[in-house]
Amino acid sequence: MGTFLDGLIETRTAGGAWKAEADLLGFDLGKARYARECLFGYGGSLGVRRPLFDRRGWPEDACAEVPKQCDELNHSHSYATGAEIAAVDWDAPLCDGPDGIHVGVWRPGPDGELALEDVVWAPVDVLDAAEELFGEDLFPSEWPAGGQVALNGSVYRPVVLTARMFVPPDGRWAPVWASVKVLSARYGSENVRLVVWFG
């Protein structure tokens, strides 16, 4: 079954109380394993060290629709204000160095220049080619500085993980960010909050 992401976007009324505006289930985000790790530090296998909004718990003044207990269906709460979301640097490193098991896949773009197309678990044939090239069996994070493997029309390089790689602002979460932006324009970015939990 796995773990699903749940949550809502809430706004603060003139009286200071928070109210629910949109249910995240309506955005069809599914399990969002890599996204939830990059954004909220829950689960996944990326080894992210600095999630953008790491497991902050639920806001004490959250609206009534936010479950204020931890159990099998409601746990690992976190949140982010509209102002925090607007200020995100999607290219900031989420780790201190290159990832040990993932590599970036670069392929020629329309202009012929290499462009990052994907980030994947290092394929066995790439690791084998790296061993032959570098003379020893190394994780991608251990490749020599500037080390890369060219194979089958692609170039594989170690990568330092960023949020853009797994939850780009114009990707599956774009409707969520757009809703936060619209509500922030209406109520002020400090009066809009995304609250999430997992179960």
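Biologist: Which residue of strand 7 stands opposite Trp 106?

Modeller: Trp 106 stands opposite Val 155 in strand 7. The model is predicted, so local features are given only at pLDDT of at least 70 and side-chain atom pairs only at pLDDT 80 or more, while totals for chains, interfaces and linings use all residues. Residues are numbered from 1 along each chain as its sequence is written, and side-chain values use heavy atoms, with hydrogens and water left out.

Strands (E, at least two residues) and helices (H or I, at least four) are DSSP runs numbered from the N terminus. Strand 4 is joined to strand 7, residues 154-158, by four bridges, and the two run antiparallel; strands pair if DSSP finds at least two bridges between them.

Strand 4 is also joined to strand 5, residues 114-121, again in the antiparallel sense, here by seven bridges. In that pairing Pro 108 stands opposite Leu 114. Strands 4 and 5 form a hairpin with five residues between them, and Gly 112 in the turn has a positive phi of about 90°.

Asn 152 has a positive phi of about 50° although it is not a glycine. With a relative accessible area of 70%, Asn 152 is exposed.

For context, the protein has five helices and eight strands, in the sequence order β-β-α-β-α-β-β-α-β-β-α-α-β. The C-alpha trace spans about 65 × 40 × 25 Å along its principal axes. Of the 199 residues, 40% count as buried.

Strand 1, residues 5-12, has six of its eight residues buried, so this strand too is largely enclosed by the rest of the structure. Seven bridges connect strand 1 with strand 8, residues 192-198, and the two run antiparallel; Thr 11 has Val 192 of strand 8 as its bridge partner. Strand 1 also pairs with strand 2, residues 18-23, in the antiparallel sense over five bridges, and there Ile 9 stands opposite Ala 22. The hairpin of strands 1 and 2 has five residues between the strands, and Gly 16 in this hairpin takes a positive phi near 100°.

Strand 3, residues 75-81, contains Ser 78. Ser 78 counts as buried because its relative accessibility is 0%. Beyond its neighbours within four places in sequence, Ser 78 is in contact (heavy atoms within 4.5 Å) with several residues, including Phe 40, Phe 53, Arg 55, Leu 194, Val 195 and Val 196. Arg 55 lies in the loop between helix 1 (33-40) and strand 3. Phi of Arg 55 is near 25°, a positive value in a residue other than glycine. At a relative accessible area of 45%, Arg 55 is partly exposed.

Conventions: Buried < 20%, exposed > 50% of the residue type's maximum accessible area, 1.4 Å probe, protein only.
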